[in-house]
Amino acid sequence: MRRVVLEQPHKVVFCPDVEAPKAEDLKGNEILLNIKHIGICGSEIHSYHGTHPSTMYPVVQGHEYSGVVVAVGPAVTKFRPGQNVTCRPQLVCGQCNPCRRGQYNVCEHLKVQAFQADGAAQDYFVVTEDRVVALPEGMSLTYGAMVEPTAVGAHATSRPRELMGKNVIVSGAGTIGNLVAQFCIARGAKKVVVTDVSDYRLGIAQECGIRHTLNVAKTPIREALPALFGDEGYQVGIECAGVESSLRSLMETIEKGSDIIIVGVHAHDPALSMFYLGEHELYLIGSMMYRHEDYETAVREIAAGHIKLEPLVTKRFPFEEYAEAYNYIDAHRETSMKVMIDL
Ligand SMILES: NC(=O)c1ccc[n+]([C@@H]2O[C@H](COP(=O)([O-])OP(=O)(O)OC[C@H]3O[C@@H](n4cnc5c(N)ncnc54)[C@H](O)[C@@H]3O)[C@@H](O)[C@H]2O)c1
Ligand SMILES: [Zn+2]
Ligand SMILES: [Zn+2]
């Protein structure tokens, strides 16, 4: 079978002839998948450049993927060969306190496949039943590979103390901010505004049905507030840009006593006033990947047509051209949203 290995930063190696895992070796709850599509994620580009804080090398990348079940281990009950599926890339211990509380997405020993364990950039891949979600009849395998970022949106929008009926600003209209904003609408928020510094990305947001957009490079949130929300203000801010100015503008404009969800990964710690935060009684709430129910919610909402994925697919590359896909993303930062690898 074929496999792509990131041997070290900037060295993507295509291996045409690696031994494939065998169906007869499957143990217990293991499932053998034939991988069909892989979406490339911004964090993997960081690993490619050697700027991801915790990537092992060499590593097989690929954690946003879909595939077809080839064979199942003797203890598998929910899946059968031929089914289209996607799978969570989280390896957790099941023993630590967060795991025992059901917060396994923040397991003390979490390993994410494609970063601290090998991922799906290969024709065949063995996963465990507990992490697999079936794709409903008629859902494309390309959408299946986009369930992962959609589940990030499902989880992030489950984090505010309350979202239904609230006014929301999502800061950052990359793939993640876009899906977070679509989920806010799907979950019944009152008015959802997504911001960015790129008109291109705000245009994609519009195509996805997010009607209210704001280019903060032209009009800062504070100036736009009266036009956006009248005298209602907004009660939920979701930070999806990962930069200080984005978090700062949310903190400085959100209604007192409100919730700000941190989704963006901040490479540099923002220098923000803790006095202001305390005095405004703001809730800063983290959001880490997803749990299984978020995957299921994501699949359900995509299938229901509440989450639009088509405008997010920028370009496709065949498996052999993994390295070209990375170069393409580097050369088209602003205009590439989701680049898809077809196996
Ligand atoms: N918490 C999690 O589980 C999780 C999961 C996946 C990704 N992430 C993180 O979420 C963030 C978003 O991911 P992405 O793939 O969409 O990245 P991205 O880089 O494509 O999107 C970020 C967007 O923010 C915009 N931006 C920059 N400065 C801004 C500002 N001041 N105000 C508003 N927008 C601004 C950029 O133009 C860009 O469109 C990243 O930091 C990523 O690492 C977190
Ligand atoms: Zn990702
Ligand atoms: Zn654990």
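This is a predicted model: local features need pLDDT of at least 70, side-chain atom pairs count only at pLDDT 80 or more; totals for chains, interfaces and linings use all residues.
Modeller: Before we start, local features here need pLDDT of at least 70, side-chain atom pairs count only at pLDDT 80 or more, and totals for chains, interfaces and linings use all residues. Residues are numbered from 1 along each chain as its sequence is written, chains are lettered from A and ligands numbered from 1 in the order written, and side-chain values use heavy atoms, without hydrogens and water.

Biologist: Which protein donors does the zinc ion (ligand 2) have?

Modeller: Donors are N, O and S atoms within 2.8 Å of the metal (3.2 Å for Na, K and Ca), and water is not among the atoms, so sites may look incomplete. Along the chain they follow the spacing C-x21-H-E. Lying 2.1 to 2.8 Å from the zinc ion, they are Cys 41 (SG), His 63 (NE2) and Glu 64 (OE).

Biologist: Is His 63 buried or exposed?

Modeller: Buried means under 20% relative accessible area, exposed over 50%, and partly exposed in between (1.4 Å probe, protein chains only). The relative accessible area of His 63 is 3%, so this residue is buried.

Biologist: How are α1 and α11 oriented to each other?

Modeller: Helices are DSSP runs (H or I, at least four residues), numbered from the N terminus. Using lines fitted to C-alpha atoms over the stretch in contact (heavy atoms within 4.5 Å), with angles from 0 to 180 degrees between N-to-C directions, the axes come within 11 Å and cross at roughly 105 degrees. Angles under 35 degrees count as roughly parallel, over 145 as roughly antiparallel, 65 to 115 as roughly perpendicular and the rest as oblique. Therefore α1 and α11 are roughly perpendicular.

Definitions and conventions:
Helices (H or I, at least four residues) and strands (E, at least two) are DSSP runs, numbered from the N terminus.
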